[in-house]
Amino acid sequence: MAKINPLPPEELRWKCAAERFSFATTSEVASLSEIIGQDRALRSIEFGLGITNHNYNIFILGESGVGKETTVKDLVEKKAKAEPVPDDWCYVFNFNDPDSPMALNLPPGSGSDFAGDMDELVDSLRRDIPKVFESKDYEKHRDEILEGQQERTRGLFLRLEQKAVEKGLILKKTVSGLAVVPAKGGKPMGQEEFDSMPAGRRAEIEQDQQVMQDRLSDVVREARAIDKDTKDRITALDREVVQYVVNPAVGELFEKYKEFSGVIEYLNKVKDNILDSIEDFRPKEDLPLSIGGIRLQKPEPTFERYKVNLIVSNKDLEGAPVIFEPNPTYSNLFGRIEFRVQLGVATTDFTMIKAGSVHKANGGYLVVNAMDILRNIFVYDSLKRMIKNREVRIEDPWEQYRIISSITLKASPIPVNIKLIIMGEPFIYYLLHNLDTEYRKLFKVKADFDAVMPRNDGNIEKYLHFVATRCREEGLLPFDRTGVSSIIELGVRLAGDKDKLSARVNEITNLIVEASYWAGVEGSKTVTAAHVEKADSERVYRNSKISDKLRDYIQEDTILIATEGSAVGQVNGLAVLDPGDYAFGKPSRVSAKVFMGDSGVVNIEREVKMSGRIHNKALMIFTSFLGERFARKFPLTLSATITFEQLYEEIEGDSATCTELYALYSALTGVPLDQGFAVTGSMNQAGEVQPIGGVNEKIEGFYEICKAKGLTGTQGVIIPRRNVRN
């Protein structure tokens, strides 16, 4: 066998020399003014923010912890500050269709002024209009009109009455109104007396009575016309006198908002409605109603129709709005119409329309999480509809599913100009991109955040400034040169590549914060490499209960792993377990047995469906390699079984291919294998060893087992040469 060729120590871990830095502590280092290691994503975001086409919305994707939210927040808010402040939006009463409130837009800050002006207008009219009706001049004109009407009406009936008397008739009030009846001595004649008259005289009276009754009907109609004319004249008088109050008050608003056609149109309708609703402004007699002995207060007229419901006010905004919606439910995004319940009856009006995040972000930027919008029903489709139609509607999405339709408001839509930014995991992006054709049209900018960056002098310098920035912003103790060097070394370790640095800024930040804490516990004024190593070891300790339990089981031979001696058909394989918070290496015994037969190589895990697809593929490649190597001229007759001993969960991956091959070779040849070694490595059909993942965790996992059972000085892990950089 070939001589063992161990890797030299300098190949096992990259070291960052503290001497390369000239500062004493990070308090002397300037803060970081840029995002590190995400050039591709930054260029994509800058392009997406710069292009004005409404279909170029942005999807931010990347692994968790790479700083997507912080980056987007900084870039978007910086760009938004240089953009104009969008208009205010409000809803007002629609006098033509009360169930469809109208939307009005005004320059930023003018919305609250307009709402206040309308409240002042109503207050002034309620105060000044009653004074007009109480004035002596108004009462004089009104009395003249009424007296003229009474005089004309009185004259009509007087002439009719005189004519009736001439014919021996008289006007008599009855239940159904006035009637013409025969008279005698100026009094109505009785029926018996009338019946006792000669027939000729009765016929003559009846004929005169019919003529006078027709004239009475004409007089009544004429009196009603006079009464209607009187009411019209009084109404005209009321409008005329009220206009002396309304015109100056509304005229001020016309002048103030003359540049806004929508407001002018609304004010014209307000003015007409006020003049048509003068009774609401008249002074009321304070007489309570009484029903069945119960005294009821007379209902006051409402003036809600003149209010302005300001749903979006950008008065205090600097630049375009940037809205991060943490809970993108339908109502939170697109607004809602609230209801007021009184005596078991739910009512609403336009003043109860509430804005959503889309309204607040109109003219700016809206940032939401992809998983959240997919979890909430109606939201994803409604966002796409908003982008396509470039408008937002406040609706009840459940209305279409109700058996009985309920009457509610249909507020007019508001045009929107929003740059939508969605953040999510890569699998969501590719899922939507491949399954939803509309998605491709509406989200044309992909900003892909990487988890690693090149380890060069520039990025190492940025790491230094990043540490200094975190210390200032978090109020932490400053790091010295050794502390920064240790942070950078752990950044390389997180990247899993000696030529890379980790871009998972959240994990680096956690390490910085925890190292500062342990330095404070020890009373140190600066954070050194020892404190960083302490923070890392404490993090491992907090999360390593499972790995410690497995190590204990192996140490006490509950799980059988040999770390010294030799055995035939048996070798130590390595796997990585990752519950989520801490990944660690787990050694497993791989055994192979051969016997007579022609069933070939049987993977026991595959037979019992405990093997994943990649592991099954690796075993088939392994079988193909055996055939290519040993059965090119004659059939390979072989029966063998391979298994992972004491495996109680599914196994996946191809990193055990080499391990399985060595175990099978040993079983076939009877050559024992040194149990002080563990093996990891993938293999192709040509027998070439391929790199695998998790090499650091695998090496450390076997080392911990050897340490627990006793180090001999001859133990180790065989890894693919292509994994040396890892």
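1. Glutamine 646 is partly exposed, with a relative accessible area of 24% (buried means under 20%, exposed over 50%, partly exposed in between, with a 1.4 Å probe and protein chains only). This residue lies in the loop between strand E26 (639-644) and helix H22 (657-669); helices (H or I, at least four residues) and strands (E, at least two) are DSSP runs numbered from the N terminus. Although glutamine 646 is not a glycine, its phi is positive, at about 55 degrees.

2. The model is predicted: local features need pLDDT of at least 70, side-chain atom pairs count only at pLDDT 80 or more, and totals for chains, interfaces and linings use all residues. Residues are numbered from 1 along each chain as its sequence is written, and side-chain values use heavy atoms, without hydrogens and water.

3. Lysine 609, in the loop between helix H20 (604-607) and helix H21 (613-630), also has a positive phi, near 60 degrees. Lysine 609 is exposed, with a relative accessible area of 73%. Most residues other than glycine have a negative phi.

4. Five strands form an open sheet with parallel pairing, in the order E10-E15-E18-E1-E19; two strands pair if DSSP finds at least two bridges between them. Strands E10 (322-324) and E19 (445-448) stand at the edges with a single partner strand each, so one side of each is left without a neighbour in the sheet.

5. Within this sheet, E15 (residues 365-369) and E18 (residues 419-424) are joined in the parallel sense over five bridges. Valine 367 stands opposite isoleucine 421 in E18.
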